[in-house]
Amino acid sequence: MLPSIKRINSYVDSVFAGFGTNKTREIARLLYEIAKRDHIPFHSVISNPHGKDFYACKEELLKRRYPSAYSLAGGKSCFYLPKLDVDPSLKVRFSNSSSFRPKHIFVERSVRNSPLARRFKELFPYASFSEIESVKKFLQCELPGNSIRSYNKRGENIFITRENYDFIKPCPCTHGAVSCGYNVLNIGFGCTHECSYCFLQEYQNVPGIIFPANPEDFLKHANLLKPARGMFPYVRLGSGEFTDSLLFDSYTGYSKIISEALKHHPEIVFEFKTKSVAIENIVNRPPGKNIIVSWSLNPQNIIRENEWLTPSLRERISAAAACVRHGHKVAFHMDPIMYYQGWRKDYREIINYVFDRIDSRAIQWISLGTLRFSRVLKKIMENRFPENKILDEEMILGFDGKMRYPDSLRITMYSGILSDIRERSKKTFVYLCMEARAVHASVFSR
Ligand code: SF4
């Protein structure tokens with residue numbers, strides 16, 4: 001059972017009555033996180049609390065909450081201790097049916113006769129169908145979408161739009177990291193998987209899933225792309241940033257349109273990044289030299305507790321193996337890698353499972369990235385997935401201001417996983433996603 005925030009706040013207010021708002025907030029936050037992680041009553045956390053000075057109290061709690069990071073941290077400013085405000089009504093509740101059944105389909109007038117709008121009408125005859133002038137105007141007056149509550153209902157609403165500007169963007173990566181030169185083809189926005197760590201929970205400001213009806217127009221801009229200097233000698237383009245690349249592919253058919261258009265762009269390598277197993281449109285086409293299908297992988301216990309509504313690890317790897325059997329190239333993202341007791345064995349098992357089933361020559365790359373998220377997302381995760389265990393680990397503010405494991409732990413994790421990959425394949429290209437230069441240098445110089 002989760003500790004009661006109300007009871008923690010009133011305990012702190014009564015025991016530390018003289019501390020003031022900010023100090024009591026920090027003490028309450030630390031008590032909550034320790035009691036949650038250790039499954040103990042919050043009032044047993046501080047020994048002899050009455051009359052304790054704030055700094056002594058905070059130091060005792062920080063050492064207990066961050067037993068490794070506290071000594072590594074040097075300064076204490078890297079601990080993020082926001083106000084506790086978890087609203088139980090925002091918790092994600094899964095219904096018996098997790099299938100995609102939109103209730104409302106909103107179509108921008110300019111694309112009302114598009115093939116995509118017609119297809120959605122046929123596929124979801126029970127959904128209400130409304131014409132709107134534009135999503136932007138509609139959201140301003142009718143359905144604002146920037147709250148956890150509206151995010152929780154995003155699967156109910158579909159927006160079919162004409163995209164006029166936002167076709168392709170360089171991946172913003174993260175400040176101070178080594179970039180992999182990725183470009184994002186902005187096809188679709190939103191996802192109905194429920195990954196507890198997904199950045200869309202913070203980023204998405206539309207209470208539904210957006211599907212552009214004019215993907216061909218996006219690809220006309222592909223010839224403007226130039227290879228970034230660095231890791232890859234070609235232009236990297238992919239669609240898995242603001243949505244899962246294949247989750248909705250049986251409805252949209254985007255993969256066919258993209259693969260067809262990219263035939264004329266051998267200088268671009270396109271990646272469909274997914275956790276889904278919706279590979280019908282991929283395997284039913286001849287393989288493209290510059291088309292790669294990639295899966296994000298995690299141990300099954302992490303998938304079960306954090307990647308809700310997604311296919312299992314085995315299903316993902318079976319889908320990858322099926323693509324390879326049909327002649328397609330694949331890649332994998334071990335991202336986000338989670339730290340917990342037993343992580344090394346579990347990630348090694350994934351590596352062995354992959355290389356036992358898939359010819360290493362078909363694997364174009366494996367990227368590695370440890371769990372990271374913004375401060376804002378921490379509070380969203382607490383509200384949507386209050387029982388999560390991933391926030392119990394020692395995560396501190398990292399080089400880019402995001403919550404991360406300490407540098408030394410990340411280096412240990414990457415180095416361990418890299419050496420397990422090298423045991424199975426000396427040649428598979430491995431890179432780190434959104435990592436600091438110093439971490440790169442340390443991992444790859446060993
Ligand atoms: S599959 Fe990707 S886009 Fe979808 S919820 Fe998970 S992390 Fe987010």
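Tutor: We shall go from a single residue to its sheet, then to another group of strands, and finally to the ligand. Please keep in mind throughout that this is a predicted model.

Student: Let us begin with Phe-106, then: in which strand is its place, and does Phe-106 count as buried or exposed?

Tutor: To judge burial, one counts the C-beta atoms around a residue, and 20 or more within 10 Å make it buried. Phe-106 has its place in strand 1, which covers residues 104–108, and it counts as buried because it has 21 C-beta neighbours inside 10 Å.

Student: Which residues is Phe-106 in contact with, if neighbours within four places in sequence are left aside?

Tutor: Contacts of this kind show which parts of the chain come together in the fold. Phe-106 is in contact with Ser-130, Ile-132 and Phe-138, and also with Asn-157, Ile-158 and Phe-159.

Student: What is the order of the strands in the open sheet of four strands?

Tutor: A sheet is read by asking which strand lies beside which. Here the order is 2-1-3-7, and the pairing is parallel; strand 2 (128–132) and strand 7 (209–212) are the edge strands, each of them pairing on one side only. Neighbouring strands of this sheet are turned against each other by 20° on average, with direction ignored.

Student: How many bridges join strand 1 to strand 2, and what packs on the sheet?

Tutor: Strand 1 and strand 2 run parallel and are joined by five bridges, and one of the residues to look for is Ile-105, whose bridge partner in strand 2 is Phe-129. Helix 5, made of residues 115–123, packs on the sheet and touches strand 1, strand 2, strand 3 (157–161) and strand 7, while its direction makes about 155° with that of strand 3.

Student: Finally, which residues surround the ligand?

Tutor: One lists the surrounding residues and then sorts them by class. The ligand is surrounded by Cys-191, His-193, Cys-195, Cys-198, Leu-200, Thr-243, Asp-244 and Lys-275, and by class this shell has four nonpolar, two polar and two charged residues.

Notes
Residues are numbered from 1 along each chain as its sequence is written. This is a predicted model: local features need pLDDT of at least 70, side-chain atom pairs count only at pLDDT 80 or more; totals for chains, interfaces and linings use all residues. Helices (H or I, at least four residues) and strands (E, at least two) are DSSP runs, numbered from the N terminus. A residue is buried if 20 or more other C-beta atoms lie within 10 Å of its own, exposed if 12 or fewer, and partly exposed in between; C-beta atoms are placed from the backbone. Two residues are in contact if their C-beta atoms, placed from the backbone, lie within 7 Å. Two strands pair if DSSP finds at least two bridges between them. Axes are lines fitted to C-alpha atoms, for helices over the stretch in contact, and angles run from 0 to 180 degrees between N-to-C directions. A residue is near a molecule or strand if its C-beta atom, placed from the backbone, lies within 6 Å of it. Ala, Val, Leu, Ile, Met, Phe, Trp, Tyr, Cys and Pro count as nonpolar, Asp, Glu, Lys and Arg as charged, and the others, Gly among them, as polar.
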